[in-house]
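Colleague: I am new to this structure. Could you take me through how to read a few of its features?

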Amino acid sequence: MDKFGFSISKGRQIDYDFNNRRLAEYIFEKEPSFRLCIECGGCSATCTTANFTAFSLRELNILIKRGENDQVRNNLRKCMLCGKCTLVCPRGVNTRNIVVLAKNALQKYDEYEI
Amino acid sequence: MRKHVIVIGGGVAGLEVAGQLSKVGIDVSLIEKETKTGGHLNNWHRLFPDRRKSSEVKEYLDGMTMRSEIKLLTDTTIEAFRRTRNHFSVTTNRGNELTADAIIVATGFDLFKSARKEEYGYGIYNNVITSADLEKMFTNDKIVLTNGNVPETIGIVHCVGSRDEKAGNLYCSKLCCVTAVKQAIELREYLPESKVFCFYMDMRMGGAFYEELYREAQEKWGVSFIRGKVSEASETIENKLLIKVEDTLAGRPLKMKLNMLVLMAGMEMSEGGKKLAEIGGLKTGENRFFTSSDNHFGSNVSNVKGVFYAGTCTSPMNITETISHARAAVVEVIGYLKNGEN
Amino acid sequence: MILEGKKAVWNDYQKEIADDNYFYVRSCVRQNFFPGSETAFLKIMREELGKDVYEHPCHTSCSGIGYHSDIVPVETTMTIVARQFALMTEAGYKNLLPSCITSFGLYTEILDTWHHFPEVEEKIRYQLKKATGREFEKPENLAHASDVIFKFRKEIGAKAKYKLINKSTGEPLKVVDHIGCHYAKMFPSKGIGGAEYPYVLSGMIEEWGGQIIDYPERRHCCGFGFRQYLVQANRGFSVACSREKFESMKPFKPDMIITNCPGCPMFLDRWQYVINEMEGKRYGQNGEGIPVFTYEEVAGLVLGYDPWDLGLQMHQTDCEPVLKKIGIEYSPDDKYNLDIKPSYSETHKLLNV
Amino acid sequence: MMNMKFDPFIIPFNIGLYFILIYVITRCVIWFRDLSKPDKLRLQRGFFGVAFGQSIKEIFMESLLHRKILKANFRLGYMHMSLAFGWFLLILFGTIEADIFGIKHLNAPYKAIFFRFFNPDLGRTGFEAGYGFLMDLILAFILSGLLLAVIKRFHSGIVGMEKTTRLKITDKIALTSLWLIFPSRLLAESFTSGAYGTGSFLTGSLGSWLATFLPAQQMAYPFWWLYSISLGTFFILLPITRYMHIPTELFLIFMRNSGIKTGDLAGTFSEVQTYSCSSCGICIDACQLNFSAGITNIQSTYLMKAIRNNSDVSEIAHNCLMCGRCDMKCPVGIELSPIRMIQRRGEDGGNDMLNIYKGYFRTRLSVNSEKTIGSSNYSFLPVNNPQKTDVLYFAGCMTHLTPAIKNSMIKILEASGMKYSFIDEDGGICCGRPLMLAGQDKEARELINYNSQMIWKSGAHTLVTSCPICYKVFKESYYLDVEVLHHTQFIKMLIDDGSVKMNFLRKRVVYHSPCDLGRGSGIYEEPKEVLNHVSRLEKTNFEDENSLCCGGSLANMKISSQKRKNIALDAAHELTRNNPDILATACPLCKKTFSAVTQTRVADISEIVAEAIILKPFKKNISSQIKSIKELANI
């Protein structure tokens, strides 16, 4: 690195086959409505947290499904579970449960339980 | 005296028109370039959104056309036609001369030639197939890779040759989205172990029961929908297809390996239609489909008096719309034959 | 892979290539990247194929490198290019033969622009006249040097001393081709085989006995990308691009890489060294790198030229593995021996200056 | 064989009896030992104080007579009463009987239980016969209840129950032994009476009839054995079956009457309550998840059972609307919802933290000094300094999705002429209850701290909120020294002190009492009084404690949207039976949920009030107008 004054950049590409999606599988199993999301962004629009900071439940949904867990880990905790998203969701996705499950899953994941 | 109408094209629209005309006692010559009628119906296994067998619709249409008033000319194409005062004389490739009081053009559509989207490697990579190929597989009740294995991961690419300036088609073919969803469900049903991904630009679920089908695909069959246009496909050493796409909803490029890639080929003006447009001086538009005299109330009426359009030769339509459009054409023709006015 | 399908595509993308009297314009960077290549090209053209290739001493950089680095404005570039055309016209040539892919792309782009916007052409003519008093004809035929080698690949194959075949096993060498981005990605119709499945290098390899191998990141840029390399802060991205390609081609165990662009061989060659320094990673067989060649070098090798005359000692990733496989005799001692420079005198004779 | 002292068949009974006595006593001692210091004191005071009498009374009324169940469902109550009270009487009079007619006084218990065996000749005439009659009567009383129990087990409908609890194997054994006790006693006594020609209307007649075709003398003995064995088995199994509730409930009653509360953490009291559950199944019938959504495995009785068997309760615990209907109905008076909350917090609910947090902000002084313990989840929240004001209006997240309520409240607040500020006008942050309901108290506490600071800095003396969810948490979990009012209370106040005047709307209104406001916070009257003031309030079949849940509850994390809808549909249907003009509620979430499923207009009380309100004329403007006119005149 020092030798050249630069280092090899890390890619932004999602490597779907490389990523592990146990998190998503866990949630799919426990909360099937997770599949129903059509990424309309209604949840993010009404979100109490998003009013104060960069936070998008819609994006987290996608990232979980793609297995980009770290980004999820760092953001999920911002949720206040107030439930507005559940009320506005046009597909009846049980958003709050997804957040709670994802939190549990991440914990289990760290403890090698899933 | 009895009136005589020539119907060009023995697909859904053509058959419906012929059937309806014959019902009201008008003689019909039905000209079909293929050996048998039915058009694209013959290549399709099941139809969206209810997934009924396409043969059932075919049966209905055949039933309509089993009538004495209808003269069926297969393996026939039109070489030339002239309009002399108020009737047409038509020359076919087999040299027979027909005269008619009116002509109904039902030349339908061709599927977009997927090889034109070189980056997807249709015809170059194994296991890159089109929606039509897949239907054939379903008909033959055998869905396997070229090496005989069963596909585990299958990608479905929407909008191949539609909404694509590079492909020269700015329009939306309207049916590919729902076809994709239908085929995704069928694949999951046929191969319960498989994972199916749909790569879409927009989900255009406009028709009746389309959205419900989409929901079912997600809820019941666990089909994954990824929003983004697949930019390129390539073969890996283990003979998988590596595709690149932007997951536009994650805002990140994404790559994944698939066993099979199904291209949702769009609809284009048929070659037959183009030829007819030339020899008959029929107007075609930007999208190369026939241009109707009026988009709202004259969609069956051409720029040539006595020539009418039926079905997908004017724009992409599903079967329901095609049949309605065909019946509308019949009304136009009858009106015209009665008082010689379009 | 269905070859018929590919052939079909190749047939769709054929192009006019003049067969003699070329006005050769060198690349500004190649001569210090891989100086042997252009020399070898001229030698092949003149001595092996007996073609008339003219070089003008007053020819300059096409400024494409500045243009693509957002430094030189397009009008300036056009004027400079117009001057090259003027030189050609004055020398009485009509077939422009750039050595550089970027020049080729740039000329194509400019000619196309002028075709669509004649007023721009007029303006440039006026500016050139005003600045230098020169006037020009547009080239009748524009072909990249690799196009010409492709055109005469059979002739070269006929004269070949070696084939791209592993002497010991009799297996054809596995060759990865890398096409410069500016060759066909901007104007697919102007490249042999088009942009998706370029044939220009594959054709040579086939002809000379090698086996061309396709790999997923075939289309990916080598990472030069001008700004990416020239600005140090971006260099990490440049390396990352090359690595993407290496990672992707590694499983196919290629014996060599062949390229047709000034930048690509440079970066595919040098970055292998850098990546190895940074990550201790090599992509070739038994701990070696993957040798990278220009198409001229490969042509030279099959015609039996001395590797060191071709300047292979300038490569950072050693080429010896390939030489050994093909069974080319060479003296390892002379690799860096600069006292005897036969090729230099040769070159000087060849250059009509 | 007159007046024999002892017979081996009594051994099973004795073993059982002494075992259970020892077990229960030790258990109580352990429970007592595990109590927190203050609770220990409470219990002691309770035991040796006034509460004692009350406890005894309650034990008699509830544990023996089962008054509550009788009220809720007579047949079920009778069943429980006949068994409990009847058995009690049997033992009581049995002992007396043994005492009077026995050879000596103060006999061992078995003498009483098996009296007839040891004194077969007794009860032929006079007082003895009368007493025998009494004993038979009690036995008959019990048997009638037993009959009901048997029927209930197989057709729960008969005793007016939708569902009955499912049993585990030990329960089944215990149940059979319980069922066997009295029939076996009946037969044993009958045969004995048959053999000796004694016994009263039941045992006597049955005995003499049996004796006609059976060798009574020989038959009696095995049944005495059976009687003793079934008693023994029942006692031995007691600790590991639901029947443990019988002794536990007594202890519970003492604890409760001594003023011990469930609290936030698992402890003796919650344990005692769990063991006091008799699995009567009344909570199942009360549960809307059962009768509207067809979810039948999560009701409180199952939760209690799962806790007793310490199996994993996380799914059960979270799949509940927390409407509190079962708390109201539970005949044993177990604090079911608080216990469920404890389960939701689970092990990693930051329990250890809780107590620390509890201590937060007792005074305004510590506002700036407070810090969140552990890493902050909501560090992104901006530090804000609200303007000074008297009344704070906190709409709450849900209210922001029902603008009508928000605007109505603004109108009312304006009309009140008070100095107020709308604290979360452009979207405040969550009150923290949703997190608490998910068992994430640590996170919740962080939000609570944030809001508390904001509230104090405003210097307000009153906090008005439109959302019962917020109201409950402000009341219970915030340590604010400001008056917290739900807007219905606030409006009531305005009406009482006459600071707003209203028209009477000619509308027929029914009121749906939101769970967190009614059962959750005990506010039933104010909303109804307000509605009575502005409209014609009509009764429904689900008033106050018995009110339904709209199904929208944030407390249930697991239920699907479809099942929510079913609950809402049923509830709305019930409430609008007499098609009122307005279905009034006092919760934005209830409003949203109901609006989606009924044709009837659904409105929050604030909306109705805002409609009825008479805005005061702006005196200032008038005077200024007059002034300007005068000025004109002067010119």
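**Reading loops and an interface**

Modeller: Start with Asn127(B), which is placed in the loop between strand 10 (109-111) and strand 11 (128-130) of chain B. Bear in mind that this is a predicted model.

Colleague: What is phi of Asn127(B) near?

Modeller: Phi of Asn127(B) is near 70°, a positive value in a residue other than glycine.

Colleague: Is Asn127(B) buried or exposed?

Modeller: Buried means under 20% relative accessible area. Asn127(B) has 8% relative accessibility, so Asn127(B) counts as buried.

Colleague: Which residues does a cis peptide bond join in chain B?

Modeller: Phe48(B) and Pro49(B), with omega at about -15°. Pro49(B) sits in the loop between strand 3 (46-47) and strand 4 (52-53) of chain B.

Colleague: How should I read the area buried between chain A and chain B?

Modeller: The size of an interface is often given as the accessible area lost when the parts come together. Between chain A and chain B that area is about 1,900 Å², and carbon and sulfur atoms give 47% of it. Chain A brings 19 residues to the contact and chain B brings 20 residues.

Colleague: How many salt bridges cross the interface of chain A and chain B?

Modeller: Three are found by the rule. One of them pairs Arg252(B) with Glu68(A), whose closest N and O atoms are 3.0 Å apart.

Colleague: How do strand 1 of chain A and strand 17 of chain B run?

Modeller: They run parallel, joined by two bridges, and strand 17 covers residues 252-258 of chain B. Opposite Leu254(B) in strand 17 stands Ile14(A).

Notes. Residues numbered from 1 in each chain as written. Chains lettered and ligands numbered in written order. Predicted model: local features only at pLDDT ≥ 70, side-chain atom pairs only at ≥ 80, totals over all residues. Heavy atoms only, no water. Helix = DSSP H or I, 4+ residues; strand = E, 2+ residues; numbered from the N terminus. Buried < 20%, exposed > 50% of the residue type's maximum accessible area, 1.4 Å probe, protein only. Contact = heavy atoms within 4.5 Å. Buried area = accessible area lost by both parts, 1.4 Å probe. Salt bridge = Lys/Arg side-chain N within 4 Å of Asp/Glu carboxyl O. Pairing = 2+ DSSP bridges.
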